[in-house]
Amino acid sequence: MQKTFVKYTAAIVTSAIFLILLINFLFTLRSLESRQLSTFLTKSEQVMHTMENNRQELDELNRNLDTDYLTRAKAATYVMDHQKGISTNVSEMQYLAELLNVDELHVIDEKGIIVAGSVSKYIGIDMADHKQTREFLSILEKGDEDAYLIQDPQPNAAEGKMMKYVGVARKGQKGVVQVGFEPVRQMQAQSRNTYEYIFSKFPTDTGEEFFAVDCGTGKILGHSGGMDREFTADYYQLDKLRDCNGGVYREGENGSVMYVAGRQYGNVMICGTIPRSQMLQSLWTSVLTTLLYLLLIEAAVLLLLNYLVRQKVVCGIHRILGGMDAIAAGNLDTRVEVGGNPEFRKLSHGINAMVKSIVRLSDRISSIIEVSGIPLAAFEYETGVDRVFVTSGLRELLDLSHRRAEELCRNPSMFDDYIHWITDTPVTGEEDIYRISDSRYVRIHMSETPEGNLGVITDVSTHMLQKLQLQYENTHDPLTGLFKFPHFRELASQVLKGLPEGEICAAVMLDLDSFKSINDTYGHDTGDQYLKSFAEVLGAMPEDRFLTARRSGDEFCMMIYHCRDVSEVEDCLDQFYRALRDNTVSLSDRQETVISASAGFACASAVDESITILLNHADEALYEVKKRTKGQYTEYQERSAAPE
């Protein structure tokens, strides 16, 4: 009997151990894939953010340079038109080009011929002979003295040298003055806005690869390991990447298997890969460590049970069975008391010790999970059993007090209601993720059967908090904390589309008065504080009626809603302006001021009104009030058509 008992007990405990290992393996594998997918998506987001920032910087650089180049071209035209006695020989033109800080200077007559210039070999060129020069003939054709043309950087007609030319019509006579620049800064900025350049600077972990694929041609546009290699493996091919948004396995080089995840950015697929063998290395370490500890516990449990069976089982079977029936029903507080002889007493003591050991088994498993370093907790409750078996980590993961946790564990029905109360409200957009508190998020997987329920809980707080932080940074202005303008447009559009019948809303555009002089006089730090103080007044407006955002620079915007008529909109604006007048800003140690801002607003009452049109109308109203006065607001008034 002793050998049979030990044999079956060993089989049961061993099966339980391998079941736990299997669950642990499958869950941890899924968790690893999920974390790796999250890592790839986060890094892909960084690449896209870098591309977008570079594009914006390039656009800003082009606008600034175009303005600067046009100013120099107009200055050159002014000199040529007002200095009648100026010599147009090459040396004088070169000297004038140096004074204007331009690389080339040309004078084109009414026939489109270069008649003077700082580059002698260009003199006599007919502008109509080449596509690049022919564009400037449009200035002569218009006959407008204010006409000008800013040409994009491209190879010039004479030498094929990369140049940027700006032409301006002459005053008082038909002709064009043209200046040229070598677009060094623009070409450098363009070179930084390539995937090859970004990936060359992009940090990667061991074994990771990041690359970009053109969705039209399948060409590799950039790779974190450089472009000096062949891209023939399956996981580089576009047709193998079209379904990799959620993470897939693809064949790699030399028979390896790669975990691949990607997302599309415009017409480009940005992908991250890592060998499956490397991703699973930490998993195998955890599983083997857990197996070692479980086997040690199994050996200890078997030794203890072998001793109890050998020393304590003699007789008193019926009374013992009665006590065991109560224990099997979940009454683990039952004590088996068998008297009459020392053997019965010893047997009773052994059964009670065994029951206590079983009760503590969940704590032992919890200790093993804690040693493995995995933020994991498990629970189980069966039909007809009046206790819930949980691992020790569950209380911490669910932020329960000791008293509350003990109460739930003693009442499976209450525990079941509590778990379903949590799982009834998942985090929006997430699968099986639930919010426990402001700083605690968990993933809960449950297996429900007629016999009972088994569940596993893991901590995903770090992932969710990082994701929420990224969402906040994508939608909020870093200086003022207000919404960014693109996100404001989306929210305002939703307000407009959901406008109840009988209510109106208003888009408001605001501009700080004399902000440039504050920046110039007191410095940008004071200017930033000035902007933040204004944003604090905006942000203090009631959220149930005001939607606020920073548009750009010293421009802000609002959406006012839940109003019955224009007078209510004006009441809200008066409320804002009163708060603005009550708020003072320190410009220096001895000087304070009240922020002055001008505003224009436009109202809408129809659900089919376009948010773009509404914002444009508010802009027009702002422009009108800025022309007349400052520190006030006005409503957009539609201009009537002029009479015929």
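In what order do the five strands of the open sheet sit? The close-ups below, all from a predicted model, start there.

**View 1. An open sheet built from five strands.** Going across the sheet, you meet β13, β12, β16, β15 and then β14, with antiparallel pairing. β13 (389–390) and β14 (433–437) are the edge strands; each has a single partner, so one side of each has no neighbour in the sheet.

**View 2. Strands β15 and β16, zoomed in.** Here β15 (residues 440–449) runs antiparallel to β16 (residues 452–459), and eight bridges hold the pair together. To pick out one of them, find glutamate 448: its bridge partner in β16 is asparagine 453.

**View 3. Helix α16 packing on helix α17.** The axes of α16 (residues 515–522) and α17 (residues 524–539) lie 7 Å apart, at an angle of about 140°. That angle makes α16 oblique to α17. On the α16 side, look for Phe515, Ile518, Asn519 and Tyr522; they meet His524, Thr526, Gly527, Tyr530 and Leu531 of α17. Sort the residues of this contact and you get five nonpolar, four polar and no charged.

**View 4. The largest nonpolar core, with its 32 residues.** Leu512, Phe534, Met558, Ile560 and Phe576 touch the most other members. Leaving aside residues up to four places away in sequence, phenylalanine 534 touches Leu510, Leu512, Phe556, Phe576, Leu580, Ile595 and Ala597. Apart from this core lies another, of 24 residues, including Phe488, Ala604, Leu615 and Ala621.

Conventions. Residues numbered from 1 in each chain as written. Predicted model: local features only at pLDDT ≥ 70, side-chain atom pairs only at ≥ 80, totals over all residues. Heavy atoms only, no water. Pairing = 2+ DSSP bridges. Helix = DSSP H or I, 4+ residues; strand = E, 2+ residues; numbered from the N terminus. Axes fitted to C-alpha atoms, helices over the stretch in contact; angles between N-to-C directions. Parallel < 35°, antiparallel > 145°, perpendicular 65-115°, else oblique. Contact = heavy atoms within 4.5 Å. Nonpolar A, V, L, I, M, F, W, Y, C, P; charged D, E, K, R; others polar. Core = buried A, V, L, I, M, F, W, Y, C linked by side-chain atoms within 4.5 Å. Buried < 20%, exposed > 50% of the residue type's maximum accessible area, 1.4 Å probe, protein only.
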